[in-house]
Amino acid sequence: MNRVFAAQLAGLPVFGPDGESIGKVRDLVIGLRVDRQPPRVLGLVLELATRRRIFVPMLRVTSIEPNAVTLATGSVNLRHFHQRTNEVLVVGELLDARVRVDSAVGGGAGGAGGAGGVDGGKDAVLVDAAMEPTRTRDWRMTRVAVRERTGRLARRGPVQVLRWEELTGLSVTEIAGQPQGAQHLVAIFETMRAADVALALHSLPVKRRYEVAEALDDERLADVIEELPEDDQKDLLAHLDEERAADVLEAMNPDDAADLLAELPERDKDRLLDLMEPEESAPVKRLLEYNFDTAGGLMTPEPVVLAPDATVAEALAHVRNPDLTPALASMVFVCRPPTATPTGRYLGCVHIQRLLREPPSDLVAGVLDTDLATLTPDASLSDVTRYFAAYNLVCGPVLDESDHLVGAVTVDDVLDHLLPDNWRETGLTHA
């Protein structure tokens, strides 16, 4: 390919010369110049299967096709990518940058917009950037796609492709200092898992991180915050205004929201809990009563709970909910009404494998596992770990002293507490 746009490249799989999978492209790194000449593309930021982000120089790239990138060798330097001075991430930092079109450029000149493009001297928003190879096997960021910058409610104009040197506002200091939208970067994030977006967000400059957080909707931001390191979680929550922070906490899983609130000063925690809707804050408050390293502190108060007269078909419909994690979907708990935690008397559980083997019209009460041991809210982390190992489970019920189901612990919650505090930053797990 002679011209490659950054948004087109982001997310492409990367292979070695023998077809071995290496990872995915997440960004391009360019070295900005002091003049307005096209900058050199230094290399690609790749995300490995382990979620570690590494740097690969462009000289190692042998081909860029519409559906894949191939390297000259499958051997890569596994050191974490660290951005240097004067280096800019094209996807992470350039997209949505405010620029000004050179006054000598006529409307529609040089680009896809045709007539009605951005006139010279007008402000514009950078929506994409393209690189082209040189005779020396270098790549230069030669073209930029821009759209005229208008008011929020105004109709968006056509996209125009211009030469890099026809724009101003692309120095490191200008990009770092100006307020910047995040519409196009968020559009790229839409195709990524929350854990991958969190990793990308963690690697961005603080200013850009805030801009992306402001552009994400509450549900998506809640999913991403759950995957961030603790310090980043607290920093982003503090950046949001209190009303928005409370809305995001409501959208988070109650156990994750409780973990985050437990790390805040008491005054801030109480203020945010007061701003949350009572039905959303109630389960979070219950979780905050337990120590963080007990079954009560680890559990989620929203497992799949059914009454004994529910059918197998109903149970399977509940575990098909795409919002459930695989661990929570692995087991259905059966209790006397009410079925919201804390429930009526706990009767037993049904494993998903058993549900798949039974006639859909049968009642779940007839296929209960009543012999499986249960956890108490004050069970220690080591007790919970041994429980999962002994019974080969990924989800387990937590009962109070009156045999009411108060929640369920999942294996991912246990791993969160067993792994080092900085495990999300070191890329030790598969996304």
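Trainee: Hi! Where is Glu277 found?
Mentor: In this predicted model, Glu277 is found in the loop between helix 11 (266-275) and helix 12.

Trainee: Which residues form the negative surface patch?
Mentor: Glu277 belongs to that patch, along with Asp241, Glu243, Asp247, Glu279, Glu280 and Glu302.

Trainee: And which helices each supply at least two residues of the patch?
Mentor: Those are helix 9 (242-251) and helix 12 (278-288).

Trainee: Switching to salt bridges, how many are there?
Mentor: The count comes to 19. One of them joins the side chains of Glu148 and Lys122, at 3.4 Å from N to O.

Trainee: What parts does that pair tie together?
Mentor: Glu148 lies in strand 11 (residues 139-148), while Lys122 sits in the loop between strand 9 (98-101) and strand 10 (123-133), so the pair ties together parts that are 26 residues apart in sequence. Glu148 is partly exposed at 28% relative accessibility, and Lys122 is partly exposed at 33%.

Trainee: What about Arg386 and Asp383?
Mentor: Their side chains meet in a salt bridge too, at 2.6 Å from N to O. Both residues lie in helix 16 (residues 381-391), three residues apart, or about one turn of the helix. Asp383 is partly exposed, with a relative accessible area of 35%.

Trainee: Which residues are linked in a network of salt bridges?
Mentor: Arg26, Glu47, Arg53 and Asp196 are linked that way. Asp196 is also one of the buried residues of helix 5.

Trainee: Oh, how many residues of helix 5 are buried?
Mentor: Eight of the ten residues in helix 5 (residues 194-203) are buried, leaving the helix mostly covered. Besides Asp196, the buried residues are Ala194, Ala195, Val197, Ala198, Leu199, Ala200 and Leu201.

Trainee: Now strands: in what sense do strand 4 and strand 5 pair?
Mentor: Strand 4 (residues 40-47) and strand 5 (residues 53-57) pair in the antiparallel sense over five bridges. Leu46 stands opposite Ile54 in strand 5.

Trainee: And what's in the turn of that hairpin?
Mentor: Five residues lie between the two strands, and Arg51 in the turn has a positive phi of about 75°.

Trainee: What is the strand order in the open sheet of three strands?
Mentor: The order is 14-15-16, with mixed pairing. Strand 14 (305-306) and strand 16 (346-351) stand at the edges with a single partner strand each, so one side of each has no neighbour in the sheet.

Trainee: How many bridges join strand 15 to strand 16?
Mentor: Five bridges join strand 15 (residues 331-335) to strand 16, and the two run antiparallel. Val334, for instance, has Gly348 in strand 16 as its bridge partner.

Trainee: Last one: what does the chain look like overall?
Mentor: The chain has 18 helices and 18 strands. Of its 431 residues, 49% count as buried. Its C-alpha atoms fill a box of roughly 80 × 50 × 40 Å along the principal axes.

Technical notes: Residues are numbered from 1 along each chain as its sequence is written. This is a predicted model: local features need pLDDT of at least 70, side-chain atom pairs count only at pLDDT 80 or more; totals for chains, interfaces and linings use all residues. Side-chain values use heavy atoms; hydrogens and water are left out. Patches are made of residues with over 30% relative accessible area and no salt bridge: like charges are joined within 9 Å, nonpolar side chains (Val, Leu, Ile, Met, Phe, Trp, Tyr) within 5 Å. Accessible areas come from the Shrake-Rupley method with a 1.4 Å probe; for residues, only the protein chains shown count as cover. A salt bridge is a side-chain nitrogen of Lys or Arg within 4 Å of a carboxyl oxygen of Asp or Glu. Lys and Arg count as positive and Asp and Glu as negative; His and the chain ends are not counted. The place of a charge is taken as NZ of Lys, CZ of Arg, CG of Asp or CD of Glu. Helices (H or I, at least four residues) and strands (E, at least two) are DSSP runs, numbered from the N terminus. Two strands pair if DSSP finds at least two bridges between them. Buried means under 20% relative accessible area, exposed over 50%, partly exposed in between (1.4 Å probe, protein chains only).
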